[in-house]
Amino acid sequence: MAQPGSSIGRKWQRRKAGERGWWESLPRLALACLAAGCAGGGAGKDAAVDGAVDVPVAPTPGSPIGMQIERVEVDSNRRVRVDFRVVAPDGSALDHRGFTINWTLAMLTVDATTGAVSYTSLILRAASGSLGTTQQSAAETGGTYQEQKDGSSRYLFAAALPDIVDLDGSFRVGAWAQEIVDGGTPRVANATADFVASGKGSPQDLDSVATAACNQCHDPLSAHGGARREVELCVTCHTPQLFDPDTEDPAQPGQMNPLDFQALIHRIHDGPDLPTVVAAQQAGIVGAKYDVIGFQGADNIFAQTVAGGTADGGALAEIRGGPFPRDLRDCTVCHQQAPAAATWQTVLSQSICGSCHDATWFAATPPPALHHAHPGGPMADDHACTTCHAPSGAEFDLSVAGAHTMPGKSTKLRGLHAQIIGVQGSAGTNPALVFQVSNGDGSPVAPLSTLDVLAATVSGPTSAYRQQNMIRQDVRASAQPNPDGTWSYQFPPRAANDPWFPSGPVIPTGAQGTFAIGLECRRAVALVPGVSFEEASDNPVAYFSVDGSTPSGYPAFVDLALCDRCHGELRAHGNLRRNPAYCVLCHAADASDWAERPKGPDGNSALAATVDHIEERSIRFPLLIHRIHTGDELVLTVPFVVYGFGGSANRFDDVVFPGNRADCATCHLPNRYTLEAIPATALPTIANETATILHQATPVHPPNEPGVPVIQSTCLSCHDIAADRAHASLETTSTGVEACLVCHGEGRQASVRSVHLAH
């Protein structure tokens, strides 16, 4: 019985994934498949071996093109034929001759020892590289097409199924269709169908990952130039047969690099946290990397060690590569929405576990460089893995679930909550607040000294936050207890060395509008010996008027729940900060990393000691977040380094955004990404991102420091090329008036909405 699957074509985005795979097959099957691939012959006879069944699939009205596999059968000559349709958004059939269609064919295999599930490609071709010759999986296009009376089309595979293949097993046929266009972007669609060649019984569906899970972040999942979008299709080529003959297996030095789906995907997502790369960095080795040679010989590097980024080149190695945006131990973020998703806990082998834990050496021989011996001793095969690694157990033990316990999800955490009960303050005064800190069960946290951090931050006005108005204070020692279990705290006056208002009030005299106060708190929790976690609260923010006007909060632009789709639980600065409404108190229009950058004897930024050789980098919230997510596609803003706590140089120009950056709704609330959504009171971005010293031993911006108008600042944070900068400059008057709305406003020919959604 055929079980169809289909996908929807969408415009693709460039990816740094391996563009081509290379194959090494089991010898006997490889020869059989290669022989079958060379076989000619006509359409053959019907019947004899016929596992066909009609499965109608209704198209989704209004969707982009799709591809539907409606019927799969095997004729008496063991040749697979597929009835299919390429459909338009309205459900009508499109002529398949307007598309290039590639077809894959694979059989399901279950390992007798481990229960590991994989596919074996039945279409192969020879390929050679620096490490030898192997068999590369392939898709075929050389079969024959026939139009059917019901409007569908039939494809007959060129190669027959090899005689050694058991026709009672489960098979999968896959296809990707790419529109033939003369310029422009082709539409694409993928489809798969599972079937039993003999027609006896139903095929097994043992996938452990579903495309829908991938698209939580990738949306759309896209590889090989954008034509391949579905995991169900990917696994028909990325099988245990597949090796890259030009790069080494990091787990088995000297051997070809395995590109089966689980090994490749695990290691790509490990990226800079891949153990062999981390070991190389710790050993000061430059040039270690995890890479795959792909399409047209491109070297796709997912993690590598490079010389430290200090002025003299550095003696130490640092790791470059796109990090996974959440805890790597969160296996269920990918292993969900699939029939065999739970097998991440139950199916174990050296190859599966070694795909992430690639520095673990299972052999009896001494481990090579960058590796360590398996703590459980040598493993001749995989039959004893579950002896120590049961599916589940206690947190942080040797069970699979225990070893993948995320500290932030530990049941040993009590929960930590902060709440602001009330605030008061006015221009020229020091504000006060009443707050409460409690455990997850509602019991109060006392004394406050049990917290590692408890701080209050005030800033304003919300119409345009300013760095000069931001003050953060540790409240643990000065907060006073109230009879009802709450605490009271009043900010002290500014310090004598405050660069903006020495010894002045926290809320400047003459301040207007609404100010905000937020809280952050954190404590260290010992979970088990050797494992601790910094448990933090959310960040409550309260707004209050400083001039008697009606309080008005900062307008929300992003949805934290959307951030968490990729990040799991987005937190920054040592878990302390999570609420975007709190982040903007510090990440104001005139905020920069000047204070954290290396300084010379004169107190100015030591340009030669920085990675990027500029005086300061803006940390304005929308600019910073856009640039971080643009990451490896930044052109002019490189190296993109932000100096942080303790003078750490945090580099973001190797971040790989997994989805479609043009889809603003990935992060933004509805309609909160248009030019009209930018408040009229928003200030220009001020930060001297040049090699000229303007500041004089102070974070205060001098009067002659130029600002970047707010629309330019926002848009150019993603559109980081010279032509776009020139365009924005031409459309801005000498007094800073931006004419962007003329073309890019709502309803205009090149509105932000229409241009971005077109991608």
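# Salt bridges, sheets and cores

Arg661 counts as partly exposed, at 26% relative accessibility; buried means under 20% relative accessible area, exposed over 50%, and partly exposed in between, with a 1.4 Å probe and protein chains only. The model is predicted, so local features need pLDDT of at least 70 and side-chain atom pairs count only at pLDDT 80 or more, while totals for chains, interfaces and linings use all residues. Residues are numbered from 1 along each chain as its sequence is written, and side-chain values use heavy atoms, with hydrogens and water left out.

Arg661 takes part in a salt bridge with Glu633, where the closest N and O atoms are 3.4 Å apart. A salt bridge here is a side-chain nitrogen of Lys or Arg within 4 Å of a carboxyl oxygen of Asp or Glu. Arg661 lies in the loop between strand S30 (649-651) and strand S31 (685-686), and Glu633 in the loop between helix H11 (621-630) and strand S29 (641-643), so this pair ties together parts that are 28 residues apart in sequence. Helices (H or I, at least four residues) and strands (E, at least two) are DSSP runs, numbered from the N terminus. Glu633 is partly exposed, with a relative accessibility of 24%.

How many salt bridges does a search of the whole structure find? The search gives 40. One of them joins the side chains of Arg172 and Asp194, at 2.6 Å from N to O. Because Arg172 lies in strand S11 (residues 170-179) and Asp194 in strand S12 (residues 188-196), the bridge ties together parts that are 22 residues apart in sequence. Arg172 is buried at 1% relative accessibility, and Asp194 is buried with a relative accessible area of 5%.

Another salt bridge brings together Arg578 and Asp538, at 3.7 Å from N to O. This pair links distant parts of the chain, 40 residues apart: Arg578 is in the loop between helix H9 (560-567) and helix H10 (580-586), and Asp538 is in the loop between strand S27 (531-536) and strand S28 (541-545). Arg578 is buried, with a relative accessible area of 13%, whereas Asp538 is partly exposed, with 46%. Both residues belong to a network of salt bridges that also links Lys409, Asp564, Glu569 and Arg571.

The strands come next. S10 pairs with S3 in the antiparallel sense over 5 bridges; two strands pair if DSSP finds at least two bridges between them. Strand S9 (residues 144-147) is also antiparallel to S10, and 4 bridges join these two. Leu156 of S10 is the bridge partner of Arg81, and Leu156 is also the bridge partner of Thr144. S9 and S10 form a hairpin with 5 residues between them, and Gly151 in its turn has a positive phi of about 95°. Of the 8 residues of S10, 7 are buried, so the strand is largely enclosed by the rest of the structure.

S10 also contributes to the largest nonpolar core. A nonpolar core is a set of buried Ala, Val, Leu, Ile, Met, Phe, Trp, Tyr and Cys residues joined through side-chain atoms within 4.5 Å. The largest one has 31 residues, and Met67, Trp103 and Val173 have the most contacts inside it. At least two residues of this core come from each of strand S2 (66-74), strand S3 (79-87), strand S5 (99-110), strand S10 (153-160), S11 and S12. Which strand gives the most to this core? S5 does, with 5 residues. A second, separate core has 28 residues, among them Ile420, Leu448, Ile471 and Trp487.

Elsewhere, an open sheet of 3 strands has the order S15-S16-S17, with antiparallel pairing. Strand S15 (289-293) and strand S17 (317-320) stand at its edges with a single partner strand each, so one side of each is left without a neighbour in the sheet. S15 is joined to strand S16 (residues 299-307) by 5 bridges. Within this pairing, Val292 has Asn300 of S16 as its bridge partner.

The cysteines remain. The structure holds 0 disulfides, a disulfide being a pair of cysteine sulfur atoms within 2.5 Å. For Cys563, the closest cysteine sulfur is that of Cys667 at 5.5 Å, too far for a bond. Cys563 is buried, at 14% relative accessibility. For Cys586, the closest cysteine sulfur is in Cys583 at 8.4 Å, which is also too far for a bond. Cys586 is partly exposed, at 26% relative accessibility.
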